[in-house]
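Thank you all for coming. I would like to take a few minutes to walk through one model, starting with the terms and then moving to its helices.

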Amino acid sequence: MTSDDQQGHASRTGAASPTAVTVDPPQVNDYDSIAEAYSAENETSLVNAYYERPAMLALAGDVAGRRILDAGCGSGPLLAALRDRGAVVSGFDASAGMLELARRRLGDGADLQVADLGSPLPYPDDTFDDVVASLVLHYLEDWGPALTELRRVLKPGGRLIMSVDHPFAIHGLEFLAGNRSNYFATYDRIEEWTMGGQTAQLRFWNRPLHAMTDAFSEAGFRITVISEPESVPAARDLFPEVKPRFLSFLFFVLQAE
């Protein structure tokens, strides 16, 4: 996870009970306060367990023997799944509480570090075959420094596989809530999530699709895939009220030029 203070993987789940609020920046994105509850919710929620994580794994494909960095790894569910598929994995997160949960999952020998995606990363140039960034970049106002660092630690030709809030979905939700936001602007919103009896305020940055693609090009990436996948078949039985395909997150595969 990463943010101005501490960022994290965002999900929209019924248990999170997001509510728009206004707070000062130092109070936002404290994932330590909801780490246990958030991690538990992430294991079984529709958007995480049956939609976003399977989509990321499908885009990654055969990862056996590949060295992969999970940028904003949270409690480590994606990192563990990649390791199970034969990848050599490393991860970082700004939340020490989330990293403690990741160590429980992956073992004390796992390569996990506290770091912020908006700052210089503790890895040499050209280290990784792939970087995965699962629901993390939408916590940053400026994508430039983060993308530049991820490009730096990738080997030439390496991949950045990422998911973010879908800008069309966010704009639609804002409209339905009575907020006449400008789709073409980059602006923030703050939600209050209550999970496991704990409350945290989270700041998200919305930006139009063209701002995303411009940032990729400026950082030296070429877009090879844009994906709006279906949920996995198991979701049909567990969540019969939800259609197989819905707008929630947007997925990219980028190649380091």
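When I say buried, I mean under 20% relative accessible area, with exposed being over 50% and partly exposed in between, using a 1.4 Å probe and protein chains only. Helices (H or I, at least four residues) and strands (E, at least two) are DSSP runs, numbered from the N terminus. This is a predicted model, in which local features need pLDDT of at least 70 and side-chain atom pairs count only at pLDDT 80 or more, while totals for chains, interfaces and linings use all residues. Residues are numbered from 1 along each chain as its sequence is written, and side-chain values use heavy atoms, with hydrogens and water left out.

The protein has 8 helices and 10 strands, and 55% of its 257 residues count as buried.

Let me begin with helix α3, residues 77–84, which is mostly covered, since 6 of its 8 residues are buried; these are Pro 77, Leu 78, Leu 79, Ala 80, Ala 81 and Leu 82. After α3 comes Gly 86, with a positive phi near 100 degrees.

In helix α1, residues 35–44, the buried residues are Ala 35, Tyr 38, Ser 39, Glu 41 and Asn 42. They lie on the same side of α1 because they cover an arc of only 165 degrees around the axis, the arc being that of the directions from the helix axis to the C-beta atoms. Taking contact as heavy atoms within 4.5 Å, these buried residues of α1 pack against α2 (46–60), α3, α4 (96–106) and β7 (187–195).

Finally, Glu 149 sits in helix α5, residues 144–153, and counts as buried because its relative accessibility is 13%. Leaving aside residues up to four places away in sequence, Glu 149 touches Ser 119, Pro 120 and Leu 121.
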